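Hello,

Please find the structure below. Have a look through it before you read my notes.

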Amino acid sequence: MISVKNVHKSYTRNTETIKGVSFEVPDGVIFGLLGPNGAGKTTLMQMMSTLLRPTSGVITIDGLNARDNLLEIHRRIGYLTTEVRLDPMSTPDKLWDFFAELYDIPLKESISRKEAIFYKLGITPFRNKKIIELSTGMKQKASIAISLIHNPPVIIFDEPTNGLDILTSKQVTDYLLELKNEGHSIILSTHIFSVAESLCDEIAILVDGRIVAQGSAEALSQQAGTDTFEEAFFKIYVENHVEE
Amino acid sequence: MAPRSSFVLAYYAKARVLLSSALIIYNNKMHGIRTIIKWEISRVFSNWQRAAAVFIIPAAVMMAALNIFPYLINYMSTGSVTQKPIIVANAPDSFLDYLDETKGSTIYTYVFMSEDEFITYWKSGDAVKGIENGDITVLFYKDDSTIYIGCNGNSALSMERADSFRSVVLDPYCDDLADDSGSMLEINTFNPITKILDYRTDANYQASRVIPAMLVLLIYYCVYSMMSDMFASERDRGFYDKLLMTPVSPKHIVLGKIISCTILVSGATYMTFLFLFISSWLNRSNSSTSLIPFGLMLLPGQLLAVAIVIPVTAFLCATICLNIIFSIRRMKDVIMNLQMPLIYLMADLFFQMFSGDSGILEFLIPIHGSIALIKAVFRSNFVSWQLVFVLIASILPSMLLLHRTYVKEGYIFDKRKKRS
């Protein structure tokens with residue numbers, strides 16, 4: 001379970017990127033963060049994954065404070081961002097082995113997990129190809145596989161389907177649902193309404209560093225008094241966005 | 001008093017406990033560092049271009065520089081890039097026989113003249129001009145059994161060359177003659193050359209002007225290219241974040257990468273030395289300006305000092321690069337700033353070319369001290385305190401730079417984000 005309590009983040013003295021965000025994500029739930037560019041989604045996700053430190057507030061993962069239990073937290077979360085470009089001269093197979101060693105996963109377990117995930121995500125045919133020779137979708141699949149190498153209870157994915165074709169996107173979302181059913185907590189950010197609507201049990205709309213609305217897609221539509229979730233999002237955004 | 005065997009057993013048991021605890025700490029604490037080192041080294045060897053860039057190019061650059069440098073010196077002193085032949089006038093048959101017998105032991109080339117031809121050559125003024133331009137002229141004056149060696153007394157290089165020729169060819173010839181016939185030739189010169197130099201020692205001396213600074217320059221070049229790939233490119237790609245997300249401490253990730261960089265660069269530098277030794281053996285040269293034969297003159301102790309200084313210097317260079325990389329966010333700026341120490345090293349290279357022996361305090365200047373130590377080794381001035389000074393001057397700043405970079409974790413995490 002992830003708990004975010006009154007988290008603030010400032011990069012400079014005068015500007016605050018995250019302004020007192022709080023939410024909780026129980027086990028077996030997919031939590032979506034939806035918002036325009038610059039709303040603070042990536043900053044929030046990087047804070048949850050310990051890559052950034054909050055200026056104030058507390059983030060706990062399975063009861064452990066993210067500030068003090070860095071390495072223990074890393075064993076519990078899998079973090080993926082679309083910005084990641086793997087070592088171009090390496091292969092998915094070699095990268096898996098390298099990360100398995102870093103996570104100190106026993107060899108037998110690592111091999112069986114590798115086979116299973118590679119099969120599920122369709123990586124097996126290109127597992128020995130260099131990353132430089134792979135398509136965007138293939139690279140993203142390899143990144144996802146490596147993020148899940150240690151079977152983390154908490155998964156944080158920053159736009160996991162960004163830049164993927166429909167088929168690969170479907171494969172990834174199906175796999176996320178499978179992980180949810182296995183009891184993993186998943187936090188994902190996305191720009192794609194259909195993904196948010198179909199995948200997320202709960203969605204938080206982030207505008208200018210604040211969560212302005214939170215609930216299921218249906219509840220948010222009802223709250224905004226609109227027919228679709230997409231319309232609800234735009235209405236909530238317009239009501240809460242302040243031009244600077 | 002306990003019997004001797006139980007005394008030994010008690011110490012053995014203690015040593016075992018200590019060793020096993022050390023192994024546990026090593027396995028637990030060093031696991032991440034070990035994995036990173038293994039990965040970085042295998043990454044270099046998995047790609048032949050990368051391996052060549054690390055191991056072959058520096059050695060090739062060094063070899064090229066060392067082969068070009070003597071020609072440059074020749075050109076500067078004589079106006080000719082090639083070794084000028086030795087002009088030998090009125091050579092007796094015994095000398096020609098001696099050259100035939102010892103063919104291959106020297107690389108000198110000769111122009112032989114009879115006495116009459118030499119007189120004409122001398123009277124025309126060409127001989128004097130030639131000597132001024134670096135010609136070495138040898139005249140066998142049979143009347144008083146004297147060999148005259150003509151060289152430009154104002155040019156140190158010309159005099160060194162004449163000295164070398166005397167010690168390598170003429171002296172052994174005279175000894176040979178004395179052995180054969182019992183008669184002794186007296187050797188005089190036009191110019192007062194009183195000191196007989198060992199050309200190999202001299203080659204070492206000449207090499208000390210260039211090789212140490214070149215080596216350190218190459219070390220920095222290799223470290224710079226590796227560190228920019230290991231940290232700056234990986235950070236730019238986001239792969240570094242992926243590493244930071246593993247349960248390996250950021251300190252261990254940084255240390256693992258720096259150690260692998262140090263191992264690879266030291267390996268590449270040792271490889272350069274190996275190339276030089278092979279070249280030294282293949283190209284035995286008698287030119288006083290040749291730098292090639294230096295390797296054969298290094299004693300094991302001196303080599304050990306150089307072998308210690310290389311990884312220590314590489315580690316220092318790596319921490320300098322690390323500090324630059326973590327202080328600057330933009331890849332373009334990182335690359336530009338990483339090149340800044342190269343300017344300092346180039347300036348040092350020129351300084352070393354024209355400076356004499358290094359003073360005590362020079363050994364305490366980071367990087368410059370390493371150059372000074374290798375220089376002292378080549379000049380046979382090396383003493384162990386110099387190594388101690390260099391170790392202090394290298395390890396202390398390395399630790400300070402590492403501390404500055406990663407003791408505050410914010411430097412690895414938040415700061416780079418602030419600058420983005």
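Here is what turned up, starting with how to read the model.

This is a predicted model: local features need pLDDT of at least 70, side-chain atom pairs count only at pLDDT 80 or more, and totals for chains, interfaces and linings use all residues. Residues are numbered from 1 along each chain as its sequence is written, chains are lettered from A and ligands numbered from 1 in the order written, and side-chain values use heavy atoms, with hydrogens and water left out.

**Between the chains**

The size of an interface is often given as the accessible area lost when the parts come together. Chain A and chain B bury about 3000 Å² between them. Of that, 63% is on carbon and sulfur atoms. (Buried area is the accessible area, taken with a 1.4 Å probe, that two parts lose on being put together, summed over both.) On the chain A side, Leu51(A), Phe98(A) and Leu102(A) lose the most area to chain B, together 23% of what that side buries. The contact takes 34 residues from chain A and 30 residues from chain B; contact means heavy atoms within 4.5 Å.

**Helix α3 of chain A**

Helices are DSSP runs (H or I, at least four residues), numbered from the N terminus. Take α3(A), residues 92-102, and α2(B), residues 31-45. Their axes come within 9 Å and cross at roughly 160°. (Axes are lines fitted to C-alpha atoms over the stretch in contact, and angles run from 0 to 180 degrees between N-to-C directions.) The two helices are therefore roughly antiparallel, the word for angles over 145 degrees. Phe98(A) and Leu102(A) are among the α3(A) residues that meet α2(B), where the partners include Ile36(B) and Trp39(B).

Now stay in chain A. The axes of α3(A) and α5(A), residues 136-147, come within 10 Å and cross at roughly 20°. That makes the pair roughly parallel, meaning an angle under 35 degrees. Pro92(A), Leu95(A), Trp96(A) and Phe99(A) meet Ala142(A), Ala145(A) and Ile146(A) here.

**Salt bridges**

How many salt bridges are found over all chains? The search gives 18. (Each is a side-chain nitrogen of Lys or Arg within 4 Å of a carboxyl oxygen of Asp or Glu.) Between chain A and chain B the count is three. Arg43(B) and Asp87(A) meet in a salt bridge at 3.0 Å, N to O. Asp93(A) forms a salt bridge with Lys114(A), with the closest N and O atoms 3.4 Å apart. This pair links α3(A) to α4(A), residues 107-121, across 21 residues.

Best wishes

How values were computed
Parallel < 35°, antiparallel > 145°, perpendicular 65-115°, else oblique.
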